[in-house]
Amino acid sequence: MRVRQGDQTIISVDQLPDSRRSILIALKQQGSATIAQLSGGLQLTGEAVRQQLLQLQRDGWIEAKIGRGATERGRTGRPATSYRLTPAGDHLFPKEYDVLAVAVIDAVEQVLGADATRRVLETITEARVATWERLVEGHSLAERVEILKSLYLEDDPYMDAMPVDGGYRLVERNCPFFNTAMHRPALCSVSVNALTRLLGVRVEREEKFQNGDGRCVFRVFADESVDHNVPFRLEAEMEHIAPS
C-alpha cells in the first residue's frame, strides 16, 4: 500500500528494508527509544541502528530528542538521545481515514437528514472557492485552468490541462479522496461546483473513477458562461445549469 504526504508519494512501512522497518515498528510500539534500547530489543549493533536512524531522519520519518528526566546516559554522560516518529513517519502505518469519512457522511444524513449532507458539501465548496478565488482573480480562462491544476495538490504531477474544441479538459489521474469518493460519489460535487465558480463557465465530468475510467476528466466549456454566484448543486443536477 502507498500513502501520500503532501504532494509526495511514499511507501508503507511494510515495503521498507527489514532493519528500517523493525526500527519504525519499535518506535511506533514504544513511543520513543534510544539507540541502546533499539539495539538491545532488535539484536542489532549500536552502529547499525545509528546508521538506520540517520537515514530515517533524512527521510523525515523520525526525529531526535533529548528528553528531560531521562534515566539513560549517553557516552558523554549527558541524557541519551531518544528517537520518535514524526507525523510523516506515522503515516507509513495503516490509516483508514476513508472509512471514517464515509461513516461521518452517512451519520450526518441519518441524524440530520439528506439535505444536511448537501449543506455540508456546499460549505466545503464555499471554503475551497474562498481559498482559490484570490489566486485566479484577474487571470484569463486559460490561465485559470492552468492554476487550477493544483486544486488537489500543489504542483500536482497527476493533473494535466489540455485545450480542446470549445474549451479545455482537466485530467486527474490520482484522486486524493479516491476511496471515499468511490463509496460516496456525491463528494465529487465539491470539485465540479468549485471549478464551475472559479472558472466562470460550465464544468462537467466526462470520465469518472466511479465508472471504471481510471481517471476523472473535467470538461471546461469556454463558451458557456456561468454566474459566479450560481447556487450549489449536486453533480447530477449540474447539467441543468443554463448558460448565462
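A search of the whole structure finds two aromatic pairs, where rings of Phe, Tyr and Trp (its six-membered ring) pair if their centres lie within 6.5 Å. One is tyrosine 152 with phenylalanine 177, at 5.8 Å centre to centre with 85° between the planes. That counts as edge-to-face (planes over 60 degrees apart; under 30 is stacked, the rest tilted). Tyrosine 152 sits in the loop between helix H7 (141-147) and strand S6 (159-164), and phenylalanine 177 in the loop between strand S7 (167-172) and helix H8 (178-183), 25 residues apart. Helices (H or I, at least four residues) and strands (E, at least two) are DSSP runs, numbered from the N terminus.

This is a predicted model, where local features need pLDDT of at least 70, side-chain atom pairs count only at pLDDT 80 or more, and totals for chains, interfaces and linings use all residues. Residues are numbered from 1 along each chain as its sequence is written, and side-chain values use heavy atoms, with hydrogens and water left out.

On confidence: pLDDT, the predictor's confidence in each residue from 0 to 100, averages 87 for the protein chain, and 89% of the residues score at least 70. Over residues 1-9 pLDDT stays under 50. Where pLDDT is low, the predicted coordinates should not be read in detail.

Now the helices. The axes (lines fitted to C-alpha atoms over the stretch in contact, with angles from 0 to 180 degrees between N-to-C directions) of H2 (residues 35-42) and H3 (residues 46-59) come within 9 Å and cross at roughly 115°. H2 is therefore roughly perpendicular to H3 (65 to 115 degrees). Contact means heavy atoms within 4.5 Å; Ile35, Leu38 and Ser39 in H2 meet Gly46, Val49, Arg50 and Leu53 in H3.

H1 (residues 18-30) also meets H3: their axes come within 10 Å and cross at roughly 75°. That makes H1 roughly perpendicular to H3. Ser19, Arg20, Ile23 and Leu24 in H1 meet H3 residues including Val49 and Leu53.

Methods:
Angles under 35 degrees count as roughly parallel, over 145 as roughly antiparallel, 65 to 115 as roughly perpendicular and the rest as oblique.
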